[in-house]
Structures are given as C-alpha cells and as structure tokens.
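Hi,

Here is the model I promised to pass on. Have a look, and my notes follow below.

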Amino acid sequence: MIERVLRLYPAAYRQAHGGEIAATFREMTEGEPWSSRLREGAGLAAHALRVRLGPGPAAPAARVLGLAHPFALAAAAAACGLHLLRWYASFAASPAPFGVQLRADLSGAWGALLVSALLVCTGAASALAGRWRVGLPCTVAGLLAFAAAAVVSGPAFGDPVVTPVATVLAAGVLLACPPDRRPGRGTAGPAGVAGAAIALVVVPRAVLDARLVPWVSTDYGCWPLLVLGTVGTVLTWRHGLRGGPALAATALACPPLLADALLTARGDTTALAGLAAVLPAIAVIVPLAGRLGRSRRTSR
C-alpha cells in the first residue's frame, strides 16, 4: 500500500524523502491490524495531496485554512445533525410499525445517507476534542459517503447536485489544512466555540421539533448561517483578527450549511429573501468586527 501512496507525492519530494516515509510507515504499522494501516495510509495520502496541491504551514492560505478548520468541522456536523433530526421527526410521525419503518429507512441509498451523517457527527466531535487521527478521517469519509449517497438517491434526497458539491468542498477544506494549524488537544478556543456552534444550530431545531416550546418556525434555513456568522464575528472581534482572513475562513466553512439552507428554501420566497439578506450582512459585519477588535486592543 505504501508504494501507491508514495506516488501521490511530487517526484522531487518522493526522491528526497520517499525512503524515509516508507521505512517509518512500515515501522509504525508492523504487526498492527488493517484498520491502523489504513488510517496511517490515509494520513499519508492527505499529506501527499497537501504537499502537491496545498499551502505550506507558513503560507497566508494556511492561516486561513487553520481559522476555517474547526468551523468547517462544526458546519459539517451541524448540517448532518439537521439531516438526522429531519429523518427522526419523519420517522416518529410515521404510522408504520417501528421495525418496518426502520428497515425501510436503513435500506439502500437513504440508509447510507443516515449512516454517513452519523459518521460525520461522530468524527467531527472526536476531531474537535483533539483526536484528529481518528476524528478527521471519519469526518472526511462520512462527507464523501454522504455526497455519493445523495447523488445515488437522486430525487428521493431532493438535492443530488448542490449538497454533494458542498460536502466534497468541506472535505477538501479539512484535508487541505496543515496539521500544525489545527487546534491542539485541550484547546478551549476555536474548537470549543465550534462545538458550541453545533449545539446552537441543532438544539433549537430539536426543541422545536419536539414541541417543547410554542411553535415558532425557524425552518427557513437562515438560522444555521446566522450562528456561523455570529460565531465568526465574535471571534474576529475578540481576537482582533483581520477581516479578510476571517471572512475567507467563514466562507470556507459555510458550504454544508449553505447547501442545507438552499435545500430548505427551495420554492419558498420568504426563505430565499432571508438568505439574500443574511449572506451580505455576514460579509459586511465580519470585517467590521475585526477592525473594531483591533482598535479595542490597540487602545488598551
């Protein structure tokens, strides 16, 4: 397997470091189960693609990817969490017997959508907790499987184009981020805030679907984007980040939630108008927050 992975590296890099990489890989995986070898191979493949296509750790793009990385995880988990919530709401409302309905839902491409969405949520939670070696491959695999299942299910899913493209883009953002730009284990900053963002997106929707509060519809697709934009704005202001990188990071993180919003808003004039207002507002407020944050820090 290692020989195939090495071919992903540029020729010059492979010639200079290929022997060392292969020896290290064999030493680390000797006597290990196939799952460990596969995980290490996937990590090497991601590194090879970053070397060939991605920025180095010192590049400005790497800083943007580092800012976007925890929020791309959060957006992917939140979008998949919303998908699971919608499924559960329809499952609970179904008059069919429990076993019959469950077997029907878990069969074919629809079942693959549910399993891959659960894999994304689990992987993102592990990655945000600092367990990157397990969480990141699970999240990326879940996103790619979700995209494939959405294409295969076609009209049954309702969006065989936009959502698959968005999930593949999210997987690309996660893979392109250099490892040393990811939040470390126990980091209470962006990773913790990203976890809170997942809860802010999913929990209100769950409360409404469970009829625990008087029914107020938020099912226009704007709420998740507002959460992401607000989180990006607050972090930009508190840390005095430059608006351009912060806005770019927000844009890189938002495709899964934007795809979910477009799917929800399809044919709904009110929802489309809300999206048309939310996105420009985020584009204006995030850079402004960065300027205000830098002014506040300078004046101290």
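Are α8 and α12 roughly parallel or roughly antiparallel to each other? They are roughly antiparallel (that label needs an angle over 145 degrees), since the axes of α8 (residues 162-176) and α12 (residues 255-265) cross at roughly 170° and come within 8 Å. Helices here are DSSP runs of H or I, at least four residues, numbered from the N terminus; axes are lines fitted to C-alpha atoms over the stretch in contact, with angles from 0 to 180 degrees between N-to-C directions.

Before the rest: this is a predicted model, where local features need pLDDT of at least 70 and side-chain atom pairs count only at pLDDT 80 or more, while totals for chains, interfaces and linings use all residues. Numbering starts from 1 along each chain as its sequence is written, and side-chain values use heavy atoms, leaving out hydrogens and water.

On the α8 side, Val162, Thr163, Ala166 and Ala170 meet Pro255, Pro256, Ala259 and Leu262 of α12 (contact means heavy atoms within 4.5 Å). That makes 7 nonpolar, 1 polar and no charged residues, counting Ala, Val, Leu, Ile, Met, Phe, Trp, Tyr, Cys and Pro as nonpolar, Asp, Glu, Lys and Arg as charged, and the others, Gly among them, as polar.

α12 turns up again: along with α4, α7 and α8, α12 supplies at least two residues to the lining of the second largest pocket. α4 has the largest share of that lining, 7 residues. Among the 21 lining residues, His83, Arg86, Phe157, Asp260 and Leu263 lie nearest the centre. A pocket is an open set of points on a 1 Å grid over the protein atoms alone, with protein on both sides within 12 Å along at least five of seven lines, and lining residues have an atom within 4 Å of a point.

Cheers

Key: Angles under 35 degrees count as roughly parallel, over 145 as roughly antiparallel, 65 to 115 as roughly perpendicular and the rest as oblique. On a 1 Å grid over the protein atoms alone, a cavity is a set of points where a 1.4 Å probe fits but cannot get out, and a pocket is an open set with protein on both sides within 12 Å along at least five of seven lines; lining residues have an atom within 4 Å of a point.
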